[in-house]
Amino acid sequence: TEEEEDIRTVLDRIIDLCDTSNMIDLPLDKDGEPIHFGDTVYNVDGVKGQVISVFISDTTELVRFMVDNGYESCEQPANKLTHKNPLTAKNIASRIKNVIDGICDTDYAVSELSDVVYQLGKLDNKDSM
């Protein structure tokens with residue numbers, strides 16, 4: 001009915017007015033893309049995580065993200081993160097070194113090294129294309 005359409009139109013307009021995401025300058029990753037809450041990002045070592053908070057001040061833009069292991073979070077400057085998976089041999093070697101240097105949780109080490117093996121397989125597939 002016309003009344004229901006009017007109500008839906010008004011509600012849609014209210015929702016549009018409540019969207020404040022375009023009212024603040026979001027931090028940009030190293031490729032110039034805005035970082036939003038919930039985005040998947042990668043740090044310089046290729047560690048993948050989901051953005052859980054953003055801190056913006058006059059001097060810095062820090063992004064906290066939950067690492068894929070589900071219980072560890074990292075905080076890094078926004079311009080050191082990327083939305084693109086930096087799948088390179090150098091990054092994979094760095095991840096292996098980080099696991100070896102910091103082995104304290106066997107489950108985490110096994111999970112991380114399994115992911116590295118998977119990524120190495122993907123690199124091989126890219127090379128053969």
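Predicted model: local features only at pLDDT ≥ 70, side-chain atom pairs only at ≥ 80, totals over all residues.
The mean pLDDT is 79, and 84% of the residues reach 70 or more. Among the elements, strand 1 (residues 40-42) has the highest mean pLDDT, at 90, whereas helix 3 (residues 106-127) has the lowest, at 72.

The chain as a whole may be considered next. Of its 129 residues, 23% are buried. Where contacts join residues at least 6 apart in sequence, 45% of them link residues at least 24 apart.

Two residues illustrate the interior and the surface. Cysteine 74 lies in strand 4, which spans residues 73-77. Because its relative accessibility is 18%, and buried means under 20%, cysteine 74 counts as buried. Leaving aside residues up to four places away in sequence, cysteine 74 touches Val63, Arg64, Phe65 and Val67. Its C-alpha atom is separated by 9.9 Å from that of isoleucine 52, a residue 22 positions apart from it along the chain.

Leucine 11, by contrast, belongs to helix 1, residues 2-18. With a relative accessible area of 47%, leucine 11 is partly exposed. Together with Ile7, Val10 and Ile14, Leu11 makes a nonpolar surface patch of about 350 Å².

Note on methods. Residues numbered from 1 in each chain as written. Heavy atoms only, no water. Helix = DSSP H or I, 4+ residues; strand = E, 2+ residues; numbered from the N terminus. Buried < 20%, exposed > 50% of the residue type's maximum accessible area, 1.4 Å probe, protein only. Contact = heavy atoms within 4.5 Å. Patch = residues over 30% accessible without salt bridge, like charges linked within 9 Å, V, L, I, M, F, W, Y side chains within 5 Å. Areas by Shrake-Rupley, 256 points an atom, 1.4 Å probe, with all protein chains shown as cover. Salt bridge = Lys/Arg side-chain N within 4 Å of Asp/Glu carboxyl O. pLDDT = per-residue confidence, 0-100.
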